[in-house]
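Hi,

Here is the structure I said I would pass on.

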Amino acid sequence: MHPGPILSLVAVALTAPALAEPHRYELDPEHTTVAFLIDHVGYAAVLGVFGEVEGGFVYDLDTQTLSDLEVRVGTASLDTFHEARDAHVRGGDFLDTEAHPVMTFTAGGGTPSGEDAGTVTGDLTLLGETRPLTLDVTLNKADDYPFGHGRFVLGITARGALDRSAFGMTYGVADGLVGDEVRLIIETEAMRVE
């Protein structure tokens, strides 16, 4: 066989752009929000925010392949912007933060529904109970950070909902004082681990 075709193939292989590969990302705690909305006696929704969030995942931009997702939330870091309500929600009627100081969400993969969107179904562990949770996820931006650390960053929005009664948190459900459905609001900037 003439070496010409083989050399041509080698030359093409060497000059072709390298395919992306899976990379580890960690949540930027300064640019990550995990919050929720829950109905209060039918009048309006109460907003709650958790201040302590950490975690990460592995993601391949080219194939949209997600793996090894784990997010940990410190339950006592709850803030609903009302001290008495915060104390109640941290107590045994709701989060029971002394007995369950951390809730976790883990997932082994996701399902793309478009170039920048998809769903992630995983397991939420709260109050010692583990239940499935599906999040609708949007990739807002993937680029080098324009200042500060300068790392490659994924900007992500996620939304989901759960029934708190599925985790044994039934206070106020039967009499309609506090809604059962908890609507989740997640915004994060995830930094590539170099």
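H82 sits in the loop between β5 (78-79) and α2 (83-90), with helices (H or I, at least four residues) and strands (E, at least two) taken as DSSP runs and numbered from the N terminus. At 40% relative accessibility, H82 counts as partly exposed; on this scale buried means under 20% relative accessible area, exposed means over 50%, and partly exposed is in between (1.4 Å probe, protein chains only). A polar atom of the H82 side chain lies 3.1 Å from the backbone nitrogen of R85. H82 and G48 are 34 residues apart along the chain, and their C-alpha atoms are separated by 9.9 Å.

Before you go further: this is a predicted model, so to speak of local features we need pLDDT of at least 70, side-chain atom pairs count only at pLDDT 80 or more, and totals for chains, interfaces and linings use all residues. Residues are numbered from 1 along each chain as its sequence is written, and side-chain values use heavy atoms, with hydrogens and water left out.On the overall layout, the chain has 2 helices and 11 strands, and along the sequence they follow the pattern α-β-β-β-β-β-α-β-β-β-β-β-β. Of the 194 residues in the chain, 36% are buried. Take the contacts (heavy atoms within 4.5 Å) between residues at least 6 apart in sequence: 57% of them join residues at least 24 apart.

Now to R164, which you'll find in the loop between β10 (152-163) and β11 (178-192). A salt bridge here is a side-chain nitrogen of Lys or Arg within 4 Å of a carboxyl oxygen of Asp or Glu.

The R164 side chain does reach the backbone oxygen of Y171, at 2.5 Å, and the backbone oxygen of G179, at 2.7 Å. The cut-off for such polar contacts is a pair of N or O atoms within 3.5 Å; within protein, one must be able to donate a hydrogen and the other to accept it, and residues adjacent in sequence count only if both atoms are side-chain atoms. Leaving aside neighbours within four places in sequence, the residues in contact with R164 include I38, F94, M169, V173 and V182.

Next, the salt bridges: the structure holds 5. R159 pairs with E187, the closest N and O atoms being 2.9 Å apart. R159 lies in strand β10 and E187 in strand β11, so this pair ties together parts that are 28 residues apart in sequence. R159 counts as partly exposed at 35% relative accessibility, and E187 is partly exposed too, with a relative accessible area of 27%. Shared partners in salt bridges also join E54, E70 and R72 into one network. Within that group, the side chains of E70 and R72 meet at 3.5 Å, N to O. E70 is partly exposed with a relative accessible area of 33%, and R72 counts as partly exposed at 27%. Another salt bridge has R131 and E129 as partners, with the closest N and O atoms 3.1 Å apart. R131 is partly exposed at a relative accessible area of 30%, while E129 counts as partly exposed at 31%.

Last, the rings. How many aromatic pairs does the structure hold? There are 4, where rings of Phe, Tyr and Trp (its six-membered ring) pair if their centres lie within 6.5 Å, and planes under 30 degrees apart count as stacked, over 60 as edge-to-face and the rest as tilted. Y25 and F57 form a stacked pair, 5.6 Å centre to centre with 20 degrees between the planes. That pair links distant parts of the chain, Y25 in strand β1 (residues 23-40) and F57 in strand β3 (residues 53-60), 32 residues apart. Y25 counts as buried because its relative accessibility is 1%, and F57 counts as buried at 5%.

F36 and F50 form a tilted pair: 5.8 Å centre to centre, 45 degrees between the planes. This one also links distant parts of the chain, with F36 in strand β1 and F50 in strand β2 (residues 44-50), 14 residues apart. Both F36 and F50 are buried.

One more ring to look at is F152: the charged end of R192 sits over it, 4.2 Å from its centre. The test for that is NZ of Lys or CZ of Arg within 6 Å of the ring centre and within 35 degrees of the ring normal.

Cheers
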